[in-house]
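Good morning, and thank you for coming.

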Amino acid sequence: MASRLIKHISQWLPTLMCLSSGGAAGLTATIAARQAEAEVKLLERDAHPAGITAMNQGNVCAAGSAVQREASVEDNAERFYEDIIAKTRGTADPVMARLVAEASGATMNWLIGDLGIPYAVELGWGGFFGHSADRMHALPSKTGLKMSEQLQAAAARAGVDVVCGAHVQILYALFAMSNKRNQINST
Ligand SMILES: Cc1cc2nc3c(=O)[nH]c(=O)nc-3n(C[C@H](O)[C@H](O)[C@H](O)COP(=O)(O)OP(=O)(O)OC[C@H]3O[C@@H](n4cnc5c(N)ncnc54)[C@H](O)[C@@H]3O)c2cc1C
């Protein structure tokens, strides 16, 4: 699953990409980009990559992960998607909601299997915040700080070039998201 995800991402990558953000979003994106053999630089404004990620609890919701299956939790992307739409009373962007729901299980498998981040599914959590299944995955420490440290270590192993003290002021966006939207709309 993880290799399919990386292959999917690699279709969109230029040879060199720069990402701003040393939070979870920037770290995971740059690690995936390196695994797809792109040359990447992670540009972080602060002296250390941390962001809000290092202040959170490190919990990640994902549907259809291997650890859910091992714990006999019944869940899938369609159910996650329906929960998002119900909880937001239909106001969530359906394309984004479906993308998150469909990618979440493979992403969790990638975090655990490829990056070695020890997420486990929290049993008894289903029912909270509109989730109809036990799909909250947590770290033993239950801290985003640990998550951030482990992502930084994975980024270093993957060869991500992290540049701190780099305040990005201009962004050039690719069309990956609009292409994905067109793909989804046309199926
Ligand atoms: C108390 C709390 C608990 C939370 N708990 C959870 C939880 O358990 N599970 C969950 O999924 N979500 C949780 N959240 C939300 C979650 O933390 C955020 O949605 C997530 O961390 C955002 O990650 P990010 O990478 O987008 O941003 P950030 O982690 O904030 O990273 C952004 C990075 O970009 C850098 N940056 C900003 N501007 C520039 C620039 N111009 N140039 C270069 N670099 C720049 C910043 O310095 C920062 O390092 C919680 C939030 C809070 C506040």
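The chain comprises seven helices and six strands; helices (H or I, at least four residues) and strands (E, at least two) are DSSP runs, numbered from the N terminus. This is a predicted model, in which local features need pLDDT of at least 70, side-chain atom pairs count only at pLDDT 80 or more, and totals for chains, interfaces and linings use all residues. Residues are numbered from 1 along each chain as its sequence is written.

Along the sequence, the pattern reads α-β-α-β-β-α-α-α-β-β-α-β-α. Of the 187 residues in the chain, 30% are buried, that is, with 20 or more other C-beta atoms within 10 Å of their own; 12 or fewer makes a residue exposed, and anything in between partly exposed, with C-beta atoms placed from the backbone.

Let me turn to the ligand. Around the ligand are 26 residues, each with its C-beta atom, placed from the backbone, within 6 Å of the molecule. Gly23, Ala25, Gly51, Thr53 and Asn56 come nearest. Helix H2 (24–35) and strand S2 (39–44) each supply at least two residues of this shell, and H2 gives the most, with three.

Finally, two residues other than glycine have positive phi. Phenylalanine 129, with phi near 55°, sits in the loop between strand S4 (120–121) and strand S5 (136–138). Why does phenylalanine 129 count as exposed? Because phenylalanine 129 has 10 C-beta neighbours inside 10 Å. Lysine 142 has a phi of about 55° and lies in the loop between S5 and helix H6 (144–158). With 13 other C-beta atoms within 10 Å, lysine 142 is partly exposed.
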